[in-house]
Amino acid sequence: MKNRIHQKLLKDCEALVEWYSQKIDNSYQPFYASFDIRDAGFKIGNIDGNIFPAGFNNICQVDKDNAPDLAKSFLSKKFPTAKKILILAEDHLKNMYYWENVISISEMLTDAGYEVAPGMLSDEIGEEVEMTSFSGKTIKVEKIRSEAGKLMTKSFSPDIVVVNNDFSNAYENIDFSKSIMTPARELGWYQRKKHCYFHYYNKLITEFAEIIDEDPWLFNVETKLFNKFDITDDKSRSDLAEQVEQLIGSTKEKYKEHGITEDPYVFIKNNAGTYGLGVVEASSGEDILKWNYKSKKKMKASKGGGGIQEVIIQEGIPSILTQDDATAEPVLYMVGDELVGGFLRTHEKKDSHQSLNSPGAVYKKLCLSDLKVRAEGCVLENVYGWVAKIGLLAITEEARALKL
């Protein structure tokens, strides 16, 4: 399938680029985003869109070298007078891998010509703390305060705030009203919903498929909202099991239509989830009814401990990709409307059907040059890149709906 799609992408390159340029709305673009891609061989889909990506350290060096120019291009257009940038980081005091990411973002922005200071909203630090990354690098992080609605630190008053905090915690006692923030705080998980993202993604993927004359199902990710989730209630789990059976049944019909012989499955995911928490696989409704203590514990887990009130039922897309005998999936990063880099997420203890975004994942090199194809002077990314770009369009639609 992939070779056929590649040829169609080449053939319809100009039409796709024109469509993308018409769809993208710069006023609603976040500074950056990342997208998890699954390639089943018979289907390629975007299974998650993250607006506050935390893996810039995993991007290959060639792409890191190009990142400052992309950052400068986006920020200078959107915030032409900005010179000082505060990075609003997660309140991670012990995650050394995360600080490797913050250092990479800081270096990208510094190399783009900005004065940069990272900070946290944490009450657990003083005015300043030195964080150490996994590789042994250190970075000074200051405590962020709000003065008359503007975020700043004791020593740094920024022009804009680049947010690297997914706002699972809404920080309701802090006044953000006068801060210029990108991505917008309102896109945080305290109110963002996955089913909205996939609604826009699937709508846009249909338009994309029409341009290259393919069945949209080859790229979409069937997603249903279940908004009466209560892990302790038997009736809730029974209703969930029934809807799981319905989605598996409709997926079986599509499998037959496309000559796919394997059995379909689904994931149950927290509708406002992050970090791979609140994710359970199911191959039937009966699996839901038989959830054991371990499965129930998974479906209670959420960042910040707020519990789970809504879930999505999402078709599972297996991965045919492997790297060093481990199951793999590409993760692509964007700055503005341009791909900036990516990596392969791999997991040697997970099979092709399971979620790889879990403890034990290892990140392997994937440069954008590995994705590029060229036809008559028209450079474009392969289907992975286009699936990521359509994810960005979906995020801009989410922002537009929130009037950000």
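Q: Where is V116?
A: V116 lies in strand β4. Helices (H or I, at least four residues) and strands (E, at least two) are DSSP runs, numbered from the N terminus. This is a predicted model: local features need pLDDT of at least 70, side-chain atom pairs count only at pLDDT 80 or more, and totals for chains, interfaces and linings use all residues. Residues are numbered from 1 along each chain as its sequence is written, and side-chain values use heavy atoms, with hydrogens and water left out.

Q: What does V116 touch, not counting residues up to four places away in sequence?
A: With those neighbours set aside, V116 touches I85, I87, S106, L109, T110 and F156. Contact here means heavy atoms within 4.5 Å.

Q: How many residues apart along the chain are V116 and I87?
A: They are 29 residues apart along the chain, and their C-alpha atoms are separated by 7.3 Å.

Q: And which residue is the bridge partner of I85 in β4?
A: V116 is the β4 bridge partner of I85. Strand β3 (residues 84-89) and β4 (residues 115-120) run parallel and are joined by five bridges. Two strands pair if DSSP finds at least two bridges between them.

Q: What stands opposite I85 in β9?
A: That is I160. β3 and β9 also pair in the parallel sense, over five bridges.

Q: What order do the six strands of that open sheet take?
A: The order is β5-β6-β4-β3-β9-β10, with mixed pairing. β5 (128-132) and β10 (181-182) are at the edges with a single partner strand each, so one side of each has no neighbour in the sheet.

Q: How many bridges join β4 to β6?
A: Two bridges join β4 to β6 (residues 138-143), and these strands run parallel. M120 stands opposite K143 in β6.

Q: And where does V161 find its bridge partner?
A: The bridge partner of V161 is M181, in β10. β9 and β10 pair in the parallel sense over two bridges.

Q: Which strands does helix α4 lie across?
A: α4 (residues 96-111) lies across β3, β4, β5, β6 and β9 (160-164), and runs at about 165 degrees to β3. Axes are lines fitted to C-alpha atoms, for helices over the stretch in contact, and angles run from 0 to 180 degrees between N-to-C directions.

Q: At what angle do α5 and α9 pack?
A: α5 (residues 194-212) and α9 (residues 383-401) pack at about 130 degrees, with axes 8 Å apart. That makes α5 oblique to α9. Angles under 35 degrees count as roughly parallel, over 145 as roughly antiparallel, 65 to 115 as roughly perpendicular and the rest as oblique.

Q: Which residues make that contact between α5 and α9?
A: From α5 they include Y197, L204 and F208, and from α9 they include W386, I390 and E397.

Q: What about α1 and α9, what angle is it there?
A: Helix α1 (residues 2-11) and α9 pack at about 70 degrees, with axes 10 Å apart. The two are therefore roughly perpendicular to each other. K2, I5, H6 and L9 in α1 meet V383, Y384 and W386 in α9.

Q: Last one: is K389 buried or exposed?
A: K389, found in helix α9, counts as buried at 10% relative accessibility. Leaving aside neighbours within four places in sequence, K389 is in contact with Y20, M334, D337, L339 and E381.

How values were computed: Buried < 20%, exposed > 50% of the residue type's maximum accessible area, 1.4 Å probe, protein only.
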